[in-house]
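Here is a friendly walk through some helix packing and aromatic pairs. Have the structure open as you read.

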Amino acid sequence: MYISEVAPPRIRGAAIGTYQLFITIGILTSQGCALGTESTLNASAYRIPIGLQFIWGFIIFAGGFIITESPRWYVKKELHTEALSALAKVRNLPPTDPSVVTEYEEIKSMHEYELSLGTPTYGELFRGTLAPRTWVGINVQMFQQLTGVNFIFYYGTAFFQSAGITKPYLITVATGVVNVFMTFPGIILVEKLGRRKFLLYGAAWMSLCQLIVGVVSITVHDKSGQNVLAGFTCLFIAGFASTWGPGGWVLIGELFPLKHRARGMSLATASNWWWNWVIAFVVPYITDAAYGNLQTKIAFIWFATSLIGCVWTFFFVPETRYHSLETLDEMFESGVKPWNTAKWVPSGADAKGGYRPGDIGVVGHHVKGGKEVEHGEHEGEEEGSEKEKVSA
């Protein structure tokens with residue numbers, strides 16, 4: 001997740017949300033192709049959609065030769081001049097600017113500290129203070145898939161057909177349109193609400209929508225029931241696109257220190273694709289009339305998994321908004337509880353002076369410490385007290 005490294009703390013979530021937007025556009029394009037080839041009864045029905053994929057694959061391949069390596073990658077390779085230049089380019093400031101130099105020194109200091117700890121391994125990700133962060137990354141990607149969103153994108157036409165809807169391909173395209181346009185609010189909300197609230201509200205909303213879809217599918221079998229089912233499916237997609245769609249990727253981009261970043265994110269991403277495959281493979285068996293015969297009642301499963309994801313988020317997901325990747329290390333090591341992390345500030349920061357995470361660099365703070373402070377939220381949010389207490 002190169003983009004999560006180079007973006008400033010305040011816009012890191014928005015940057016990854018923009019990345020998610022292009023994914024949703026790709027999904028909508030594929031749904032449009034499916035709608036266009038719906039009545040095609042020869043090999044073109046699958047050759048056209050697959051052939052179009054080569055275009056986007058080539059664009060991604062070509063982009064790999066254009067994107068500049070991140071400042072942290074250059075520091076890791078001990079190319080310090082290139083690191084400073086890359087950071088200055090990202091910040092759109094000269095390399096001599098004090099804020100660029102301060103941030104560069106912070107990155108360099110953290111890297112030197114991590115080197116003193118030895119060569120990273122996958123085993124280290126499951127020990128000490130890294131273990132909770134690793135499991136958060138793995139589980140957030142698991143619950144992102146278990147919301148059931150890809151069931152709609154993969155098997156939406158069969159789902160709508162089983163509900164009696166006469167134009168399932170058209171409704172599927174409608175979900176794709178909602179998916180694209182509701183990503184725009186997500187780009188804003190990921191910074192306004194913070195990561196925890198973002199995921200909590202999204203999971204609660206999706207579970208409610210799936211509950212309504214499930215209940216309607218087994219109680220109302222006329223045209224009005226079909227309209228409610230299609231409508232709340234679109235509202236479910238809206239909830240995903242504006243929260244968990246970008247939110248899961250934003251969070252894993254902020255969880256791991258530089259030393260363990262590549263391995264930690266690889267495990268989280270592997271979790272995403274593993275559960276993606278599980279859903280794609282298992283769902284046809286549990287919905288098909290010849291096997292599990294759940295059909296539209298599968299919505300109750302997505303209701304349960306989304307609700308469990310909401311509860312899990314409250315107890316395990318920390319707030320990482322606005323913090324630099326280096327100050328996040330201090331927060332995770334401080335022992336602050338996930339539900340109190342929105343109030344946490346780094347050691348050395350003046351909370352009474354109106355500290356806003358991300359406003360200042362805290363160079364070299366990679367040991368236990370930090371303050372948990374009940375201070376006002378930012379940008380017009382409710383104000384708290386300025387009572388300070390030292391965390392573990």
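## Helices α13 and α14

In α13, W249, I252 and G253 meet R261, M265, A268, T269 and N272 of α14; contact here means heavy atoms within 4.5 Å. The residues of this contact divide into 4 nonpolar, 3 polar and 1 charged. For these classes, Ala, Val, Leu, Ile, Met, Phe, Trp, Tyr, Cys and Pro count as nonpolar, Asp, Glu, Lys and Arg as charged, and the others, Gly among them, as polar.

Helix α13 covers residues 244-255 and helix α14 residues 261-287; their axes come within 9 Å and cross at roughly 155 degrees. The two are therefore roughly antiparallel to each other (angles over 145 degrees count as such). Axes are lines fitted to C-alpha atoms over the stretch in contact, with angles running from 0 to 180 degrees between N-to-C directions. Helices are DSSP runs (H or I, at least four residues), numbered from the N terminus. The crossing of α13 with α14 is right-handed, meaning that the near helix is turned clockwise from the far one by less than a right angle.

## About the model

This is a predicted model, in which local features need pLDDT of at least 70 and side-chain atom pairs count only at pLDDT 80 or more, while totals for chains, interfaces and linings use all residues. Residues are numbered from 1 along each chain as its sequence is written, and side-chain values use heavy atoms, with hydrogens and water left out.

## Helices α7 and α15

Now to helix α7 (residues 130-146) and helix α15 (residues 299-316), which pack at an angle of about 155 degrees with their axes 9 Å apart. That makes α7 roughly antiparallel to α15. Their crossing is left-handed.

From α7, W135, V136, N139, V140, F143 and L146 meet W302, T305, S306, I308, G309, W312 and F316 in α15. By class, this contact has 9 nonpolar, 4 polar and no charged residues.

## Aromatic pairs

Rings of Phe, Tyr and Trp (its six-membered ring) pair if their centres lie within 6.5 Å, and planes over 60 degrees apart count as edge-to-face. By this rule the count comes to 17 aromatic pairs. The rings of Y285 and Y291 are 5.1 Å apart at their centres with planes at 80 degrees, so this pair is edge-to-face. Y285 is partly exposed at 41% relative accessibility, and Y291 is exposed at 56% (exposed is over 50% relative accessible area, buried under 20%, partly exposed in between, with a 1.4 Å probe and protein chains only).

F151, Y154, Y155, F159, F160 and W302 form one aromatic cluster. W302 is also one of the α15 residues that meet α7.

Definitions and conventions
Parallel < 35°, antiparallel > 145°, perpendicular 65-115°, else oblique. Phe/Tyr/Trp six-rings, centres within 6.5 Å; stacked < 30°, edge-to-face > 60°.
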